[in-house]
Amino acid sequence: MSSDSYLSDLFSLDGRVAVVTGGSSGIGRAIAGALARAGASVVIVARKEPDLVATVEELTADGCRAAWVSADLGTRDGVRAAAEQAAAVFGEPDILVNSAGINLRPPMGELSDEVWDTTMAVNLEAPFLLGRRFGPGMAERGFGRIIHITSQQAHRAFVQSGAYGVSKGALESLARSQAEAWSSHGVTCNTLVPGFVMTPLNERLSSDPEKVAALAARTLVGRNGLAEDFAGAAVFLASGASGYVTGQSIFVDGGFSVH
Ligand SMILES: NC(=O)c1ccc[n+]([C@@H]2O[C@H](COP(=O)([O-])OP(=O)(O)OC[C@H]3O[C@@H](n4cnc5c(N)ncnc54)[C@H](OP(=O)(O)O)[C@@H]3O)[C@@H](O)[C@H]2O)c1
């Protein structure tokens with residue numbers, strides 16, 4: 001057996017369909033690209049059309065199958081519409097990646113109902129609703145992969161965790177609840193836990209060289225994360241190779257969490 005066919009048996013996503021929320025930017029964009037290049041047909045979901053179009057154009061130019069759906073995942077109706085539109089493109093998904101997320105950082109005492117509600121809607125409710133929509137079908141078909149992107153703040157308070165940290169802590173619990181429900185039917189549910197990754201999400205922080213250097217020093221690898229650092233872990237969690245890994249939080253953080 002050649003190493004190519006061995007690797008392809010383990011990791012190929014040929015014939016799989018993936019939905020990646022937040023797939024137009026940062027970590028989600030890198031994951032969408034990785035899944036598509038590993039063989040999956042990928043639908044990315046976010047709000048801003050220019051970013052969606054640019055991502056899909058890049059992937060299709062590379063020979064990948066990709067499409068986009070523009071939707072606001074901050075409302076339940078938006079999530080429902082997005083799910084139906086996404087499933088209509090390449091069929092019901094085998095892989096769901098929840099990377100869409102927001103981090104609004106008001107001081108704890110000034111955290112408004114609105115910020116709380118929006119944070120929970122995008123970071124926690126949308127992954128729940130999409131899982132409820134797609135999980136049972138995956139279980140019925142005997143294969144599925146649900147991957148959530150959480151945060152260090154699911155595990156420790158850090159740079160004004162506020163509502164964001166609460167939503168990410170709950171998202172890790174959601175992965176375990178989903179894993180309990182569906183793993184025996186071939187549907188694994190896990191989370192990837194980033195450290196500090198240079199993306200548009202934390203533009204304010206990443207434009208301050210001193211803070212960037214201080215954060216890099218807190219890792220063991222000696223640098224902050226790049227969106228591309230998530231490619232390998234995402235393909236692993238989306239593939240057949242990870243069939244016995246479920247309910248886990250996998251840290252892709254350069255050792256930040258153990259330093
Ligand atoms: N960067 C980090 O250091 C870091 C650290 C820990 C965890 N994370 C997590 O990693 C995930 C990805 O973050 P990132 O850094 O890659 O951020 P990013 O570059 O800002 O990307 C966020 C994505 O989510 C989409 N999105 C946001 N609100 C949405 C809404 N209401 N409806 C639909 N789509 C929405 C955005 O597109 P539109 O704006 O066009 O909608 C974009 O595609 C997030 O869950 C974040 O919490 C990031």
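# Close-up views of a predicted model

View 1. Val-159 sits in the loop that links β5 (144–149) to α6. Helices here are DSSP runs of H or I with at least four residues, strands are runs of E with at least two, and numbering starts at the N terminus. The model is predicted, so local features are described only at pLDDT of at least 70 and side-chain atom pairs only at pLDDT 80 or more, while totals for chains, interfaces and linings use all residues. Residue numbers start from 1 along each chain as its sequence is written. Most residues other than glycine have a negative phi, and most peptide bonds are trans. Val-159 is not a glycine, yet its phi is positive, at about 35°. Gln-160 is found in the loop between β5 and α6, and this non-glycine residue also has a positive phi, of about 55°. Val-159 has 16 other C-beta atoms within 10 Å and is therefore partly exposed. (Buried means 20 or more other C-beta atoms within 10 Å of the residue's own, exposed means 12 or fewer, and partly exposed is in between; C-beta atoms are placed from the backbone.) Gln-160 is likewise partly exposed, because 16 other C-beta atoms lie within 10 Å.

**View 2. His-155 in its loop.** Look for His-155 in the loop between β5 and α6. With 16 other C-beta atoms within 10 Å, His-155 is partly exposed.

**View 3. The surroundings of the ligand.** The ligand is surrounded by 28 residues, and the closest include Gly-22, Gly-26, Arg-47, Lys-48 and Gly-101. A residue joins this shell if its C-beta atom, placed from the backbone, lies within 6 Å of the molecule. Helix α2 (residues 26–37) gives the shell its largest share, three residues. By class, the shell has twelve nonpolar, twelve polar and four charged residues. (Nonpolar covers Ala, Val, Leu, Ile, Met, Phe, Trp, Tyr, Cys and Pro; charged covers Asp, Glu, Lys and Arg; the others, Gly among them, are polar.)

**View 4. Helix α5 beside helix α6.** Two packed helices are described by the angle between their axes and the distance between the axes. For α5 (residues 113–141) and α6 (residues 162–182), the angle is about 10° and the axes are 9 Å apart. Axes are lines fitted to C-alpha atoms, for helices over the stretch in contact, and angles between N-to-C directions run from 0 to 180 degrees. The two helices α5 and α6 are therefore roughly parallel. (Under 35 degrees is roughly parallel, over 145 roughly antiparallel, 65 to 115 roughly perpendicular, and the rest oblique.) Among the residues that meet are Trp-116 and Phe-128 in α5, and Tyr-164 and Trp-182 in α6. (Contact means C-beta atoms, placed from the backbone, within 7 Å.) This contact of α5 with α6 is made up of 14 nonpolar, six polar and one charged residue.

**View 5. Helix α2 against helix α9.** Here α2 packs on α9 (residues 231–238) at an angle of about 55°, and their axes are 9 Å apart. The pair α2 and α9 is therefore oblique. From α2, Ala-30, Ile-31, Ala-34 and Leu-35 take part, and they meet Ala-231, Ala-234, Val-235 and Ala-238 of α9. The contact of α2 with α9 has eight nonpolar residues, no polar ones and no charged ones.

**View 6. Helix α4 against helix α5.** The angle between α4 (residues 76–90) and α5 is about 40°, with 10 Å between their axes. This makes α4 oblique to α5. On the α4 side, Arg-76, Val-79 and Ala-83 make the contact, and on the α5 side Glu-125, Ala-126, Leu-129, Leu-130 and Arg-133 do. The contact of α4 with α5 divides into five nonpolar, no polar and three charged residues.

**View 7. Two buried valines.** Val-56 belongs to helix α3 (residues 49–61) and is buried, with 22 other C-beta atoms within 10 Å. Beyond its neighbours within four places in sequence, Val-56 is in contact with Ile-44, Ala-66, Ala-67 and Trp-68. Val-193 is part of strand β6 (residues 187–194) and counts as buried, with 24 C-beta neighbours inside 10 Å. Leaving out residues up to four places away in sequence, Val-193 touches several others, including Thr-150, Ala-154, Ile-250 and Phe-251.
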